[in-house]
Amino acid sequence: MNNLIYSLNATVPIFTIILLGWLLKKINIINDDFVSVNNKLAFNILFPVLLFRDLSTMKIAENFSIPFILTCFLMTAVSIFFISLLSHILIKDKTIVGSFIQGSFRSSAAILGVSIAENLYGNSGMVPMMIIAVVPLYNIYSVILLTLNSRDSIDKKISKKKLALSIAKNPMIVAIFIGIIFSFLQISFPPMISKAIDSLSATASPLALLIVGAGFSTSASISKIKPCVIASLIKLIILPVVFSPIAILLGFRNQSLIAILIMLGSPSTVSGYIMAKSMDNDSELASGIVVITTIFSALTVTSFIYIFKMFSLI
């Protein structure tokens, strides 16, 4: 029961803000212009600032674990490869491929991961190391994926130069690498600058969740319920079932195992929706996956935690 409460404390506030965004759109307090403008704000400014803040303040050099980081990276890379391969083979509607693949592999590692780890252990544990291993990969591959599968790019050949420029100019990619450099060099800002960065960072997730809710279309999601459900099953159940035993066999326990569980089985991240919408992919499918995985993650994550505890793995 305690684990259920822990997970609900992490997921219910997220879903509540999504629901609020949906209600505000229904009663016309916010409109499509609000969604469009603030989506650009979140994509170009707020999420990059949040990523930079989180990475630059981590003590990466002190807690660096090559085996753990390598495991997280390889698991993510393998899952991306097979999801992408099967999606391109099996999905006939190529306009949904980008959002489907991203929603299937990209976790809410920072937002939910830190919350669950702090609830269980009183600190973020190995989650920051997991973020270092997978967040750059998430973002780099997502930029490639969403660029190649945007509505404008389908059936068109994209040059390697254009693809490289899309990656290099993506605000989140830039923020990640600058944040890692600041962390390794232990560069810090004066308090007044740090507080401004913290304030901007604090607005990123709530605003993005409101946008997800406002952009959520019940009719559109129902029409795409099959890919929504399949992507959600992959995200919440299939990836943890496949890779958690491997992590256990490799000897990962306690905080390391929890971090890997969060990487594998936490809800699809709201920043994935922001990127899908900004890069002309299927934002309705992306928002549907975020909503479904958020609703059911409390039960699935809690179940995995319970199983781990039963076998004294955490």
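Reader: Which side chain meets Asp32 in a salt bridge?

Author: This is a predicted model. Asp32 is exposed, at 53% relative accessibility. The N to O distance is 2.9 Å, and the partner is Lys25.

Reader: How many residues apart are Asp198 and Arg53?

Author: Their side chains form a salt bridge at 3.3 Å, N to O. Asp198 sits in helix α10 (residues 191–215) and Arg53 in helix α2 (residues 32–56), so the pair links distant parts of the chain, and the separation is 145 residues.

Reader: Is Asp282 buried or exposed?

Author: Asp282 forms a salt bridge with Lys224, with the closest N and O atoms 2.5 Å apart. Asp282 lies in the loop between α14 (270–278) and α15 (283–310), and Lys224 in the loop between α11 (218–223) and α12 (225–249). Lys224 is partly exposed, at 21% relative accessible area. Buried means under 20%; Asp282 has 2% relative accessibility, so it counts as buried.

Reader: How many salt bridges does a search of the whole structure find?

Author: Among them are Asp32 with Lys25 and Asp282 with Lys224. The search of the whole structure gives a total of three.

Reader: What geometry do Phe105 and Tyr141 form as an aromatic pair?

Author: The ring centres are 5.8 Å apart, with 65° between the planes. Phe105 lies in helix α5 (residues 97–105) and Tyr141 in helix α7, so the pair ties together parts that are 36 residues apart in sequence. Phe105 is buried, with a relative accessible area of 2%. Planes over 60 degrees apart set the class, so the pair is edge-to-face.

Reader: Which element gives the largest share of the nonpolar surface patch?

Author: The patch covers about 860 Å², and its members include Phe64, Leu74 and Ile187. Two elements give two or more residues, α4 (66–90) and α9 (171–185). Leu74 is in helix α4 and is partly exposed, at 45% relative accessible area. The largest share, four residues, comes from α4.

Reader: Which residues form one aromatic cluster?

Author: The count of aromatic pairs comes to seven. One aromatic cluster is formed by Phe52, Phe182 and Phe189.

Note on methods: Residues are numbered from 1 along each chain as its sequence is written. This is a predicted model: local features need pLDDT of at least 70, side-chain atom pairs count only at pLDDT 80 or more; totals for chains, interfaces and linings use all residues. Side-chain values use heavy atoms; hydrogens and water are left out. Rings of Phe, Tyr and Trp (its six-membered ring) pair if their centres lie within 6.5 Å; planes under 30 degrees apart count as stacked, over 60 as edge-to-face and the rest as tilted. Buried means under 20% relative accessible area, exposed over 50%, partly exposed in between (1.4 Å probe, protein chains only). Patches are made of residues with over 30% relative accessible area and no salt bridge: like charges are joined within 9 Å, nonpolar side chains (Val, Leu, Ile, Met, Phe, Trp, Tyr) within 5 Å. Accessible areas come from the Shrake-Rupley method with a 1.4 Å probe; for residues, only the protein chains shown count as cover. A salt bridge is a side-chain nitrogen of Lys or Arg within 4 Å of a carboxyl oxygen of Asp or Glu.
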